[in-house]
Amino acid sequence: MAEKFDIKEKIDEIVDKIKADPKMLEQFKSEPVKVIEKLVGIDLPDEKLQPLVNGIKAKLAAADIGGALGALKKLF
């Protein structure tokens, strides 16, 4: 029986792991597919992992924007 793969749940899980490890975050910026393969434990072709990479990049960018806005609010 095939295991159901929830992409949103997997993205959230990977984002949490990447944000918790600054070294992994730097590696993700240069080699996102390699980091995802390591975290997921599955070696897939790059084009199969690209939607996951895009989702993670978007979520990380949103977190960065949120942090920057929070810091900006403290100035006023």
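**Labels and their grounds**

Reply: Read from the N terminus, the elements of the protein chain follow the order α-α-α-α. That makes 4 helices and 0 strands. The model is a predicted one.

Me: How do you know which helix has the highest confidence and which the lowest?

Reply: By mean pLDDT, helix α2 (residues 22-30) is highest at 92, and helix α4 (residues 46-75) is lowest at 73. The mean for the protein chain is 79, and 76% of its residues reach 70 or more. Where pLDDT is low, the predicted coordinates should not be read in detail.

Me: Which residues make the contact between α1 and α3?

Reply: From α1 there are Lys10, Ile14, Lys17 and Ile18, and they meet Val35, Ile36, Leu39 and Val40 of α3. Sorted by class, this contact comprises 6 nonpolar residues, no polar ones and 2 charged ones.

Me: Why are α2 and α3 called oblique?

Reply: The axes of α2 and α3 cross at roughly 130 degrees. The label roughly perpendicular ends at 115 degrees and roughly antiparallel applies over 145. The angle falls between these limits, and α2 and α3 are therefore oblique to each other. Their axes come within 5 Å.

Me: What makes up the contact between α2 and α3?

Reply: On the α2 side are Met24, Gln27, Phe28, Lys29 and Ser30, which meet Pro32, Lys34, Val35, Ile36 and Leu39 in α3. The classes in this contact are 6 nonpolar, 2 polar and 2 charged. Val35, Ile36 and Leu39 of α3 are in contact with α1 and also with α2.

Me: Which residues of α3 are called buried, and on what grounds?

Reply: They are Pro32, Val33, Val35, Ile36, Glu37 and Leu39. Buried means a relative accessible area under 20%. Of the 76 residues of the protein chain, 25% count as buried. After α3 comes glycine 41, with a positive phi near 80 degrees.

Me: Why does lysine 17 count as partly exposed?

Reply: Its relative accessibility is 36%. Buried requires under 20% and exposed over 50%. Lysine 17 lies in between, and therefore counts as partly exposed. This residue belongs to helix α1.

Me: What does lysine 17 touch beyond four places in sequence?

Reply: Lysine 17 touches Met24 and Leu39, with residues up to four places away not counted. Lysine 17 and leucine 39 are 22 residues apart along the chain, and their C-alpha atoms are separated by 8.5 Å.

Me: What makes the pair of lysine 17 and glutamate 13 a salt bridge?

Reply: The N to O distance between their side chains is 3.5 Å, and the cut-off is 4 Å. Being 4 residues apart in helix α1, the two are separated by about one helical turn. Glutamate 13, at a relative accessible area of 31%, is partly exposed.

Me: How do you know that aspartate 12 and lysine 8 form a salt bridge?

Reply: Their closest N and O atoms are 3.2 Å apart, which is within the 4 Å required. Both residues lie in helix α1, 4 residues apart, or about one turn of the helix.

Me: What makes glutamate 31 and lysine 34 a salt bridge?

Reply: The closest N and O atoms of glutamate 31 and lysine 34 are 3.9 Å apart, and the limit is 4 Å. Glutamate 31 has a relative accessible area of 33% and is partly exposed. Elsewhere, salt bridges with shared partners join Lys8, Asp12 and Lys59 into one network. The structure holds 6 salt bridges.

How values were computed:
Residues are numbered from 1 along each chain as its sequence is written. Side-chain values use heavy atoms; hydrogens and water are left out. Contact means heavy atoms within 4.5 Å. Ala, Val, Leu, Ile, Met, Phe, Trp, Tyr, Cys and Pro count as nonpolar, Asp, Glu, Lys and Arg as charged, and the others, Gly among them, as polar. Buried means under 20% relative accessible area, exposed over 50%, partly exposed in between (1.4 Å probe, protein chains only). pLDDT is the predictor's confidence in each residue, from 0 to 100. Axes are lines fitted to C-alpha atoms, for helices over the stretch in contact, and angles run from 0 to 180 degrees between N-to-C directions. Angles under 35 degrees count as roughly parallel, over 145 as roughly antiparallel, 65 to 115 as roughly perpendicular and the rest as oblique.
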